[in-house]
Amino acid sequence: MLPAQTKKKDVERLKSTDYARPKKALSTSKMEKEEKASITITMSGQRQSAPVISQISPGTPTPSTSMEGMATPRIENARSRSHSSASEIARDADLALPITDVTKKVRGVLYEVKALSDTVKLVSMLMPNHQGYAPGSLVRVWVHQDPAQIKRVLVHLGIKENAIVDTRRYDKLNPFLGEVTIASCAFASILNVNGRVTRNFLQCLREYVKGWDAKKIDAMIEIMDEKKVSVVAEAGTVASLLCSLPSLAITVDELMEICPKLYPRYYSVASSTEDDPRVVSFVAKKIEGKGGFVGTASGFFERVRVGDQIPFQFATLSLQCPSPAQLVVMVCTASAIGPFRAFLRYTLHKMKLGVIMKPDNWHLFYGCREKKDALFSDELLYMDQVGVLKSLNLCYSGESVNERPPEHVQDRLRAECKLLSSVVRANNSLLMIAGPKRLAVEVRAVIVRHLLVQQERMKPEDASELYDSLIEMGRIRVEAWD
C-alpha cells in the first residue's frame, strides 16, 4: 500500500503526463424524453437512445490507438456531402461518447438474420460498393414503420396513400428521403406512430378533436399529471390513439408537425472486415412492453426479409481496437459483447496473417443472467484457448456455473483488484466498458471506492479526480446507455 502523499502525486503525474491530449468533446444535448419511443439496441444489444453519462465520461474522444504494423481500414468522411454532421448524430442518440466520423450513406441489403437467443438476433447486411469499416464502429440504421399499420392510420384520417408530401424540412431526420415523397412513405420513414403517446403530443392533438374525443385526451393528460410522467403504457401507441378518435380532423402537414418523430437506431458492429469486407453484422435485441407493445426497431427486424434494402451509415466511437502490446480490460454485459467480439476477431485474423503479435495482456469480463444468455460463448472460449485473451471471465448473476456462486460482473472485478490496480498504474493500459448506464456506474464505484479509497487509502475526492483523469486521457473508455 502506498502512502497518502504518493496518491496525491499520482493525480498530479497523470494530469501532467505527456499523453496526447484529446480534442474537446463534441457537445451533446439531451433529446426530450417525450421523443423517445423505446430503448435502442447497441452494441451494442439494443440501444434506441443513449443518454449522456456526464459523471462517467466527462472527458472526450481520444485518438485511436494504432496497432503495430496494422493497416487501419479507411473510413471516408462524407460530412461535406451529407446533411448529417457528427454533432447532429451525437445529439440525436445522446451517446455517452461523441462520434468522431460519419461515412457516406449506404443502402445495404439484408444478408442474414440469425437467432442467438429468444430475444437476440445477429443481423448481417451486404454492402454493395463499400470500402469497409473500422472495428468499434456503430451502424446507424433507419428503420421503417409497419406498412399495414400506416395504411390503417391513413384510411382513418381520410388521407390518400399517394398524397404528395414535402419532406425537405425532415432531411436531417432521414437523409435518404428526397425533397418530396408520398404520404405512406413519409409516415413510415419519419413519424414514430408505433411509439408511446406522450403528454406533449396529446396537448398538440387536443386542438384537432372535439366532443368526447377532447374529454378522452384531457383525461389522459390528467392521469399523466397525477403520476408526474410524460408517458404511460395505458395510453397505447400513437397509431392506436389516432385510430380511436373519430372526430380527428387534421391535414398531412399538421400531423407531420406534431407527431413524434422516428429517429435512427444505433447498433455496435459485431463483425470484422477480415471475415468479409462486404458484410457487416450487429446484435439486435427485441424490446417488448406492456399490452403487447413491441419496439419499433424490434418490429422492423421481424418484418424484413433477406434481400430487402436497409439504409444506414457508419459512425465511429472512441471504443476502437487496442494494440496487442497494451494491458486491456474489457467489461460488458449481455448483447454489449458486440464491439469486443469485433476486436477479437479482427486481431485473430491479423495474428494468423503474421501482421501483428499475439496480445500479451487482454482480459474480458462478460456478465449475463444465465449461461444460455451468453452470446458467442464458443467463440470467446476459443479466443481464450488460442491466447488472444489472457483471461476470460464469464459471470452469471442468475445461476451457479462450474461451482461458482451467482455473481455480477462487478463482483468479479472486485476480486481482481490486482489487475485493476495495474490498469490504473500502468501507462500502457486501457479499460473499456460497454453496456447499460448502471454497469458503467458500478465499475466506476469498484475502482474509485473499493480499489482507490478502501485499499489504496486515497481520499474520495482524489480517487474521483484520478478516475476522471484516466477518462480524459482515453485510458478509460465508456459506451453506455439507459
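This is a predicted model: local features need pLDDT of at least 70, side-chain atom pairs count only at pLDDT 80 or more; totals for chains, interfaces and linings use all residues.
Let me start with strand E15, residues 429-436, where 8 of the 8 residues are buried, so the strand is largely enclosed by the rest of the structure.

What does E15 pair with? On one side, strand E12, residues 327-333, pairs with E15 in the parallel sense over 6 bridges, and within that pairing Met330 stands opposite Met432 in E15. E15 is also joined by 6 bridges to strand E16, residues 476-481, and these two again run parallel, with Leu431 standing opposite Ile476 in E16.

Stepping back to the sheet, we have 5 strands in an open arrangement, ordered E14-E13-E12-E15-E16, with parallel pairing. The edge strands are E14, residues 391-396, and E16, each of which pairs on one side only, and the twist from one strand to the next averages 10 degrees.

Helix H10 lies across E12, E13 and E15, running at about 140 degrees to E12, while helix H11 lies across E13 and E14, running at about 150 degrees to E14.

How do H10 and H11 meet? The axes of H10, residues 338-353, and H11, residues 377-386, come within 11 Å and cross at roughly 40 degrees, which makes H10 oblique to H11. The crossing in which H10 passes H11 is left-handed. From H10, the residues Arg341, Leu344, Arg345, Leu348 and Lys352 meet Glu379, Leu380, Tyr382, Met383 and Val386 of H11, and by class the residues of this contact divide into 6 nonpolar, no polar and 4 charged.

Is Ser184 buried or exposed? Its relative accessibility is 19%, and because buried means under 20%, Ser184 counts as buried. Leaving aside residues up to four places away in sequence, Ser184 touches Ile150, Leu154 and Glu161.

Note on methods. Residues are numbered from 1 along each chain as its sequence is written. Side-chain values use heavy atoms; hydrogens and water are left out. Axes are lines fitted to C-alpha atoms, for helices over the stretch in contact, and angles run from 0 to 180 degrees between N-to-C directions. Helices (H or I, at least four residues) and strands (E, at least two) are DSSP runs, numbered from the N terminus. Angles under 35 degrees count as roughly parallel, over 145 as roughly antiparallel, 65 to 115 as roughly perpendicular and the rest as oblique. A crossing is left-handed if the near helix is turned anticlockwise from the far one by less than a right angle, and right-handed if clockwise. Contact means heavy atoms within 4.5 Å. Ala, Val, Leu, Ile, Met, Phe, Trp, Tyr, Cys and Pro count as nonpolar, Asp, Glu, Lys and Arg as charged, and the others, Gly among them, as polar. Buried means under 20% relative accessible area, exposed over 50%, partly exposed in between (1.4 Å probe, protein chains only). Two strands pair if DSSP finds at least two bridges between them.
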